[in-house]
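Let's take a friendly look at some surface features of a protein model. Have the sequence and the 3D view ready as you read.

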Amino acid sequence: MFGSNTLVGEPKRTLTLAARRLALERGAPVLFDPNLRPTRWERLEPALEMCRELCRGAFLVRVSDEEARLITGESRPDAAAEELCRLGARLGVVTLGPDGALVRGEAQGEAPGVEVEVVSTMGAGDAFMGTLAAGL
């Protein structure tokens, strides 16, 4: 599992891409959670292009609804998840905040949100992705 934060600059980018390549070569499932932070990048378009390219070969790509629009250009979450698969992911997952999540690709489905008391949204995507990975 990896995200885009280690792709911003060297030497982390080279190390991350090498680990991804080795995982793919060995048949290990690669999970990509872009966790895109536009302010970390000097220019956003190269980050988006890299995210699009890194869908290829991924077992699963998880994006928020905002990341989905930025990366795929699709405004509908279901269409964005399908576009992640056209880009090469086996499963495209779009999280919808309090409205739940959906998956498209080799499996399809929607899950409603769960009502909780929000203390902070920091780490929510990481918690979702960790839970999803553990469940898989």
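Here is a short briefing on salt bridges and a surface patch.

This is a predicted model, in which local features need pLDDT of at least 70, side-chain atom pairs count only at pLDDT 80 or more, and totals for chains, interfaces and linings use all residues. Residues are numbered from 1 along each chain as its sequence is written, and side-chain values use heavy atoms, with hydrogens and water left out.

**Salt bridges**
- Side chains of opposite charge can pair when their charged atoms come close.
- The count is nine salt bridges (a side-chain nitrogen of Lys or Arg within 4 Å of a carboxyl oxygen of Asp or Glu).

**The pair in helix 1**
- Glu25 and Arg21 meet in a salt bridge, 3.3 Å from N to O.
- These two sit four residues apart in helix 1 (residues 12–25), so about one helical turn separates them (helices are DSSP runs of H or I, at least four residues, and strands are runs of E, at least two, numbered from the N terminus).
- Glu25 is exposed at 56% relative accessible area, while Arg21 is partly exposed at 43% (buried is under 20%, exposed over 50%, partly exposed in between, with a 1.4 Å probe and protein chains only).

**A network around Arg52**
- Arg52 pairs with Glu45 at 2.9 Å between the closest N and O atoms.
- Glu49 also bridges to Arg52, at 3.2 Å.
- Salt bridges with shared partners link Glu45, Glu49 and Arg52 into one network.

**A nonpolar patch**
- Val114, Val116 and Val118 make a nonpolar surface patch of about 320 Å² (patch residues have over 30% relative accessible area and no salt bridge; like charges are joined within 9 Å, nonpolar side chains (Val, Leu, Ile, Met, Phe, Trp, Tyr) within 5 Å; areas come from the Shrake-Rupley method with a 1.4 Å probe, and for residues only the protein chains shown count as cover).
- Val116 counts as exposed because its relative accessibility is 58%.
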